Every structure is written in structure tokens, then in C-alpha cells.
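Work through the exercises below with the model open. Try each task before reading its solution.

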Amino acid sequence: MLAIFDCIRGFSFLSILFRVLLSSISAGLIGFERGRAGRAAGLRTHILVSLGACIVMCLDHYLVTVINPAADPARLGAQVINGMGFLGAGTILATGRRITGLTTAAGLWTTACIGLVYGGGYFEGGLLSTATMLVVMIILHKLEGHTSTLIGMELLVEITTPEDIPCLLETTRKCGAQVINISINDESKKVKKGHILTRLSLRVGRVFDSTEILDALSQKISVVRFEEL
């Protein structure tokens, strides 16, 4: 234990204030990173999750210190950990064969745990957890994006003329996707007469964004429909 925190480990207004501030600041740093990445849960969501967990843990301490010394100080905190599932599930999205939001959901659950740590007065653990979580989300995320791990992606692209197919394939490859298979259908009832409906099977990196292909294609050919399956 660090001696610098000994004066505020007790149950007092100053101690509670310090716990709330530290939990909010730590969660804010994590939420800011998630917000910059364009995730559903950002700055405010992470702060509120950590703040709620911190206050619940402080309430546990209050019940033990003031109301009933025989009470279980971890009871309410355990319910916070169990109850985080519904909020984390709301950030997970399934798009075709790809699932996104798992890291954000795990981050929300961990943020709640960090709030419990601060609420319990274990400041060293809270600071260490926050620093470790930021390293995982910022530095390891960049490293993960450069790994050779590839995943499958299916794209449905409707174009106006068969002459645009070579441009479609070339642009897709330039965006960093490997074209595994392509199927062409110009007789579908859902396709306007004269248009071509192409289905691309791709291998892409874990953090690949299909909108990169759409942006590049839109500058060269006319794209009627673009859908990730």
C-alpha cells in the first residue's frame, strides 16, 4: 500500500469525494479513447458506469460502518458486476459475419470493476487497472490492426455497367482486401435492368472498414447499392 493514500482510506466526506473523483477521471480517460474510436459507449457512458459502481461500493461501506457492522461489504458490489451484462450487450453489434463491440462491452464491465475498486478505497489498484486498460485499448489495438490475422467479409455491390467490374476489383484490392471469390448476377428481380449485382467474398484485417471501399469506388464509378452481408 502507498502511504500517500493512508489519510483518505477511512470513511469520511473527503475520502468519498476522492474516490468519486478518481473513478470519474479514470473512466473518463477510457471513455475518451472509446469515443475517439467512434464506439457506441464513449466518455459520458464510461464515467456514469464507473461513478455508479463507486457509489454502490461507498454505500456498502456506509452500511457496514454506520448501520450494521455485521453486513457483507461486497454484496452490492457483486450485483453491479452481474448487472453490467445488459449494458455491455447493448454495445455489441452483429453485421453479417462480423461482430463488433466486444471490446467496448468488456471495457464497460472492467470500468465498473474499476469504480468498485475506487469505491472500496483501493486507490493503487484503481490507478494500476486504469493504466493497464489504456495500454490494452490504445497500444495493443494498434498492434492488433497490423497483425496477419484475417477474417471473412461478404460485400454486395450493384453497379451500372459490366465495364466497371475491373475497377471494382482493382479498387477493392488497393484498399487492402483480398478477393477470394466473385459472383455476378444481372437477372435478379431486385436489380434494375442493365445493372450488375456483384457479390464479393473477401479476406480482410480485423479492423478493416468496408466504407473505405465505398469511398474509393464512389470517386471512380457509379455505385447503386453497397451492402456488407
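**Exercise 1. A surface patch**

Which residues make the nonpolar surface patch of about 630 Å²?

Solution. Bear in mind that this is a predicted model. Step one: list the members. Phe 13, Leu 14, Leu 17, Leu 21, Ile 25 and Leu 29 make the patch. Leu 17 sits in helix 1, which covers residues 13-36. Step three: check the exposure of Leu 17. Its relative accessible area is 37%.

**Exercise 2. The overall build**

State how many helices and strands the protein has, and give their order.

Solution. Step one: count. The protein has eight helices and six strands. Step two: read along the sequence. The pattern is α-α-α-α-β-β-α-α-β-α-β-β-α-β. Step three: look at burial. The protein has 229 residues, and 38% of them count as buried.

**Exercise 3. Salt bridges**

Solution. Side chains of opposite charge can pair when their charged atoms come close. The cut-off here is 4 Å between a side-chain nitrogen of Lys or Arg and a carboxyl oxygen of Asp or Glu. The structure holds three such bridges.

Step one: Arg 199 and Glu 154. Their closest N and O atoms are 3.3 Å apart. Arg 199 belongs to strand 5 (residues 196-205) and Glu 154 to strand 3 (residues 150-159), so the pair ties together parts 45 residues apart in sequence. Arg 199 is partly exposed at 38% relative accessible area. Glu 154 has 9% relative accessibility and counts as buried.

Step two: Lys 174 and Glu 170. Here the closest N and O atoms are 3.1 Å apart. Both residues lie in helix 7 (residues 165-174). They are four residues apart, about one turn of the helix. Lys 174 is exposed, with a relative accessible area of 60%. Glu 170 is partly exposed, at 40%.

Step three: Arg 225 and Glu 227. The closest N and O atoms of this pair are 3.0 Å apart. Arg 225 is partly exposed, with a relative accessible area of 27%. Glu 227 is also partly exposed, at 31%.

**Exercise 4. A loop residue**

Where does Thr 160 lie, and how many residues separate Thr 160 from Leu 197 in sequence?

Solution. Step one: locate Thr 160. This residue is in the loop between strand 3 and helix 7. Thr 160 has 29% relative accessibility, so Thr 160 counts as partly exposed. Step three: compare sequence and space. Thr 160 and Leu 197 are 37 residues apart in sequence. In space, the C-alpha atoms of Thr 160 and Leu 197 are 8.8 Å apart.

Definitions and conventions
Residues numbered from 1 in each chain as written. Predicted model: local features only at pLDDT ≥ 70, side-chain atom pairs only at ≥ 80, totals over all residues. Heavy atoms only, no water. Patch = residues over 30% accessible without salt bridge, like charges linked within 9 Å, V, L, I, M, F, W, Y side chains within 5 Å. Areas by Shrake-Rupley, 256 points an atom, 1.4 Å probe, with all protein chains shown as cover. Helix = DSSP H or I, 4+ residues; strand = E, 2+ residues; numbered from the N terminus. Buried < 20%, exposed > 50% of the residue type's maximum accessible area, 1.4 Å probe, protein only.
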